[in-house]
Amino acid sequence: MRKKKFTLVEMLTVIAIIGVLAGILIPTITISKRRAQEATAKTEVSSIVAAIKAYRQQYNKLPLKLTKQNNNKPTGKVTPDEYVDFMEMLCGKNVSGTNPRQTKFLTPRAKDSAKAGGGTVVPAVWLDPWGREYRIFLDEDYDNKVDVNADELHGDIFVYSLGIDGDETPGKKNNEEKNKDNVTSWDSK
């Protein structure tokens, strides 16, 4: 009795079916991963905003001492140089006297670390899902207005991620061009 073997046509048919299934699955998996990253970024943006609000509630002011000075006036934008100190302060360290009670306003979700834009090693919780620092803007003169790119926003705390492309177009609103994928703490539609 002879063993039945697969013919070349049968093998090519099976390979073609596998290829079609892979072609359908890979984009679906990629889209699902991106949506999960965006959801994580949105959650973390909300957590950072809540931590800054809790700081304001406890100390009756925003943590502006850690933002660059411009003619002896804080700018309200947390720069890459200030980012690590700012986030450590939110996590309970008394950085430059800004958190004397050492209250933990933000709890890191992981112990691992990653390199930020400036090459500084920071805990991974402080980076967005794509490994970049969140952008933080505070109302430095308490007039309830903050300029973020070309958006004049009304409020006092604004946080965002540059999204999957890690790029932004300066001078454009957050719903235009490369800024469309930014994950923001405000509605930019």
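Modeller: Here is a walk through the chain, its helices and its salt bridges.

Modeller: This is a predicted model, in which local features need pLDDT of at least 70 and side-chain atom pairs count only at pLDDT 80 or more, while totals for chains, interfaces and linings use all residues. Residues are numbered from 1 along each chain as its sequence is written, and side-chain values use heavy atoms, with hydrogens and water left out.

Colleague: Fine. How many helices and strands are there in the chain?

Modeller: The chain has 2 helices and 8 strands. Helices (H or I, at least four residues) and strands (E, at least two) are DSSP runs, numbered from the N terminus. From the N terminus on, the order is α-β-α-β-β-β-β-β-β-β.

Colleague: And what share of the residues is buried?

Modeller: Of the 189 residues, 37% are buried. Buried means under 20% relative accessible area, exposed over 50%, and partly exposed in between, with a 1.4 Å probe and protein chains only. The chain exposes about 11,700 Å², with carbon and sulfur atoms supplying 55% of it. Those areas come from the Shrake-Rupley method with a 1.4 Å probe; for residues, only the protein chains shown count as cover.

Colleague: Now α1. What span should its 52 residues give?

Modeller: Helix α1 covers residues 8-59 and should span 76 Å at 1.5 Å a residue; the end C-alpha atoms are 75 Å apart, which agrees. The expected span is 1.5 Å times one less than the number of residues.

Colleague: Which residues of α1 are buried?

Modeller: Gln 37, Ala 41, Glu 44, Val 45, Ile 48, Val 49, Ala 51, Ile 52, Tyr 55 and Tyr 59. These buried residues pack against α2 (80-90), β4 (135-138), β7 (157-161) and β8 (183-184).

Colleague: What follows α1?

Modeller: Asn 60, with a positive phi near 60 degrees.

Colleague: Switching to salt bridges. How many are there?

Modeller: The count is 3, where a salt bridge is a side-chain nitrogen of Lys or Arg within 4 Å of a carboxyl oxygen of Asp or Glu. One of them joins Arg 34 and Glu 38, at 3.0 Å from N to O.

Colleague: How far apart are Arg 34 and Glu 38 in helix α1?

Modeller: They are 4 residues apart, so about one helical turn separates them. An α-helix has 3.6 residues a turn, so residues three or four places apart point the same way. Arg 34 is partly exposed at 34% relative accessibility, and Glu 38 is partly exposed at 27%.

Colleague: And the other salt bridges?

Modeller: Asp 156 pairs with Arg 56, with the closest N and O atoms 2.1 Å apart. This pair links distant parts of the chain, 100 residues apart: Asp 156 sits in the loop between β6 (151-154) and β7, and Arg 56 in helix α1. Glu 88 and Lys 93 also form a salt bridge, at 3.8 Å from N to O.

Colleague: Is α2 mostly covered or mostly open?

Modeller: Mostly covered, with 8 of its 11 residues buried. Among them are Tyr 83, Phe 86, Met 87 and Glu 88. Gly 92, with a positive phi near 110 degrees, follows α2.

Colleague: Last one: where does Asn 99 lie?

Modeller: Asn 99 is in the loop between α2 and β2 (113-115), and it is buried at 0% relative accessible area. Leaving aside neighbours within four places in sequence, Asn 99 is in contact (heavy atoms within 4.5 Å) with Tyr 59, Met 89, Gly 92, Lys 93, Asn 94 and Phe 105.
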